[in-house]
Amino acid sequence: MKGMTVIVKTVTRWVKVFIFLYGIYIIITGHLAPGGGFAGGVIIACSYILLMLAYGREFALKQLSSRAAHRLDSSAALLFLVVALLGLGYGGIFFGNFLQARYPGAAFKLLSSGTIPISNIAIGIKVAASLFLIFIILSVLRIVPGEDGTNKMVQDEEEE
Amino acid sequence: MGIEIYLLVLLIFIIVGALIAVEAKNLLSAVISLGAVGFGLSIAFLFLRAPDLAIVQIAVEVILLIFFIRATIGRDIIPAKGHIHWAGLVVVCLLMVAVFVFGFFAFRSLNEFGAPIIASVQDAPSNKYLKDGLKETGAANIVTAVLLDYRAYDTLGEATVLFAAIIGALAVLRGRAATEKTGSRRNVSRRTESRRAGSEGRKDK
């Protein structure tokens, strides 16, 4: 059996977009409203995990392969570090908010507070890709008791 | 006073949920009561006026429930065997009592609930964050301003911890990726399984 029933698949098709959009909203308004990169990233990962639970592993991996999730994870971590190093280069302080010091935006606007939204986006992408990878790993491996009392991990086979 | 009563009820609910999660025989009911603990915690954060923490707690709790159910339910349950060592139980009880007494006196020495330390210490850094946070960082959400500007080192450390965890988990998976390239993975895994079993059997003889 690939995935779940038709009801679950249809509901997932409608709901997944809204979960994804809500995650993006939580990330990009992290400096104005409660939320931020970590919470938004977890919600985006939830949308992909919903896809995987409803449609099966193959379909979800076609949308976001584990290799792509890997690259997103690493490049978002690098982006966060680059923001910190730019703060060191331009402002003289590691993680200095050099954009806010040079171009102070109006408070309570979306484009304000310098490097904080960029860091939020980086953390959001990183957390989403990481949690998706963790779910792939956990759903692939399975713990089986061996004969001599020790447990070993074997690969879980896709149900058909 | 009103909020404290709600909080007390919630905390009792959380403790009962945690006890059920530990003692439940069925794995599914243990996971569900663990979820009740998490959602109770997020409501407690809302009562304490920390919406950022509440959002993170709810999102992480949902994803953790999915992880636990996907990773544990429907898999084999290995019942713990062995006898209870009475000496160990006594030591554990004594340690619990000691921690409880220590915690009681430690919390007695803290400020009263609802009267934070920043109200009594004038030059605490939190006062500066609250006063100058909007002007210096431009972020309307002071929690984000502290997380990503004043205390960004901590956030970098958190991101590093997550990154290291992913690398460790993928290192466990590395053997699978190597076998996947050589051929159909089911055949390969079956063959290695049988080969391993055969060699072990030979060793036993």
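Visitor: What does K128(B) count as by its relative accessibility?
Guide: The relative accessibility of K128(B) is 38%. Buried means under 20% relative accessible area and exposed means over 50%, with partly exposed in between (1.4 Å probe, protein chains only). At 38%, therefore, K128(B) counts as partly exposed.

Visitor: Good start! What kind of model is this?
Guide: Residues are numbered from 1 along each chain as its sequence is written, chains are lettered from A and ligands numbered from 1 in the order in which they are written, and side-chain values use heavy atoms, with hydrogens and water left out. Local features need pLDDT of at least 70, side-chain atom pairs count only at pLDDT 80 or more, and totals for chains, interfaces and linings use all residues, for this is a model that is predicted.

Visitor: By what share of a helix are K128(B) and D132(B) separated?
Guide: Both residues lie in helix 6 of chain B, residues 125–137; helices (H or I, at least four residues) and strands (E, at least two) are DSSP runs, numbered from the N terminus. An α-helix has 3.6 residues a turn, so residues three or four places apart point the same way. Because K128(B) and D132(B) are four residues apart, their separation is about one helical turn.

Visitor: Is D132(B) buried or exposed?
Guide: E136(B) counts as partly exposed at 37% relative accessibility. D132(B) has a relative accessibility of 16%, so D132(B) counts as buried.

Visitor: How many residues apart in sequence are the parts that D73(A) and K126(A) tie together?
Guide: The structure has three salt bridges over all chains, and one of them pairs D73(A) with K126(A), their closest N and O atoms being 3.0 Å apart. D73(A) sits in helix 4 (residues 66–91) of chain A and K126(A) in helix 6 of chain A, so the separation of the parts they tie together, in residues, is 53.

Visitor: Which element gives the most to the largest nonpolar core?
Guide: A nonpolar core is a set of buried Ala, Val, Leu, Ile, Met, Phe, Trp, Tyr and Cys residues joined through side-chain atoms within 4.5 Å. The largest one has 35 residues, and F80(A), L131(A) and I63(B) have the most contacts inside it. Elements of both chains give two or more residues to this core, among them helix 4 of chain A and helix 3 (51–72) of chain B. The most, 10 residues, comes from helix 6 of chain A.

Visitor: Which chain B residues is L131(A) in contact with?
Guide: Contact means heavy atoms within 4.5 Å. Neighbours within four places in sequence aside, L131(A) touches V42(A) and A45(A) in chain A. In chain B, L131(A) is in contact with I63(B) and F67(B).

Visitor: Which helix supplies the largest share of the nonpolar patch?
Guide: Patches are made of residues with over 30% relative accessible area and no salt bridge, like charges being joined within 9 Å and nonpolar side chains (Val, Leu, Ile, Met, Phe, Trp, Tyr) within 5 Å. Areas come from the Shrake-Rupley method with a 1.4 Å probe, and for residues only the protein chains shown count as cover. This patch is about 820 Å², and its members include F18(A), I24(A), L72(A) and I125(A). Its largest share, six residues, comes from helix 1 of chain A.

Visitor: What arc do the buried residues of helix 7 of chain B cover?
Guide: Those buried residues are T144(B), A145(B), L148(B), D149(B) and Y150(B). The arc is taken from the directions from the helix axis to the C-beta atoms. The residues lie on the same side of helix 7 of chain B because their arc is only 160 degrees.

Visitor: Where is F95(A), with its positive phi?
Guide: Most residues other than glycine have a negative phi. F95(A) is not a glycine, yet its phi is about 65 degrees, and F95(A) counts as buried at 7% relative accessibility. Its place is the loop between helix 4 and helix 5 (98–102) of chain A.

Note on methods:
Salt bridge = Lys/Arg side-chain N within 4 Å of Asp/Glu carboxyl O.
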